[in-house]
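Morning, everyone. I have one model to walk through, and I'll keep it brief.

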Amino acid sequence: MKVGILDYGAGNVQSVQFALQRLGYSAKLSANVDELNACDKIIFPGVGHAKPAMARLRERNLDRFILECNKPLLGICLGMQLLCSHSEEGDTDCVGVFDVPVKLFNSSELKIPHVGWNTLHNTNGKIFNSDFENASVYFVHSYFVPENSYTVATCDYGQKFSAALERDNFFGMQFHPEKSGVAGEKLLGRFLAL
């Protein structure tokens, strides 16, 4: 099986590659649409700011590739947020796979960004079955996706938000599965087994 990682200058690529290697897979980092089309699974990682990240996706025609992708595609952290319709971060129009907004955590009582381990709830879907209810995973984010019809796992940080999204062949994880220990490794494995 060929696994492709979208190359658009986002951080956390190396940690994703290491996590895949631990699972027995090598992944091709590429911005070339033909190379990505030859892959069986696509991972869309992301650490950074929404506006320049979307600009780089558009420069490389990767926004169109994502929208037209018909194989399993997993957005991680910023990657998940960029699959949504619009982000408050930089007032950015995103790819639009999930027709939901990305909002800034707004609380004087919470530490922003939300950094560290937190617990998954309401797990369901093709990847997130009940085995992952109450699993601990690792988050680093200042923006969140509200709970919506695509939500397949939630988390609480001052309010309930989407920890994971699913629509057809598209999946998103707000947390970093590659940094989430055994639970994260299992979730990556379930995505790769689709």
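Start with a definition: rings of Phe, Tyr and Trp (its six-membered ring) pair if their centres lie within 6.5 Å, and planes under 30 degrees apart count as stacked, over 60 as edge-to-face and the rest as tilted. By that rule, the structure holds 12 aromatic pairs.

Some housekeeping. This is a predicted model, where local features need pLDDT of at least 70, side-chain atom pairs count only at pLDDT 80 or more, and totals for chains, interfaces and linings use all residues. Residues are numbered from 1 along each chain as its sequence is written, and side-chain values use heavy atoms, with hydrogens and water left out.

Back to the rings. Phe 128 and Phe 132 pair edge-to-face, at 6.4 Å centre to centre and 65° between the planes. Both Phe 128 and Phe 132 are buried. Buried means under 20% relative accessible area, exposed over 50%, partly exposed in between (1.4 Å probe, protein chains only).

Next pair: Phe 139 and Phe 175, also edge-to-face. Here the centres are 5.8 Å apart and the planes make 70°. This pair links distant parts of the chain, 36 residues apart. Phe 139 sits in strand S9, and Phe 175 in the loop between strand S13 (170-173) and helix H6 (181-192). Helices (H or I, at least four residues) and strands (E, at least two) are DSSP runs, numbered from the N terminus. Why does Phe 139 count as buried? Because its relative accessibility is 0%. Phe 175 counts as buried too, at 0% relative accessibility.

Ring pairs also build a cluster: Phe 105, Phe 128, Phe 132, Phe 139, Phe 144, Tyr 157, Phe 161 and Phe 175.

Now the backbone. Most residues other than glycine have a negative phi, and most peptide bonds are trans. Ile 112 and Pro 113 are joined by a cis peptide bond, with omega about 5°. Pro 113 is in the loop between strand S7 (98-104) and strand S8 (114-119).

Two non-glycine residues with positive phi. Asn 61 has a phi of about 60°. Asn 61 lies in the loop between helix H3 (50-59) and helix H4 (62-68). At 47% relative accessibility, Asn 61 counts as partly exposed. Asp 168 has a phi of about 55°. Asp 168 lies in the loop between strand S12 (160-167) and S13. Is Asp 168 buried or exposed? Asp 168 is exposed, with a relative accessible area of 52%.

That's the tour. Over to you.
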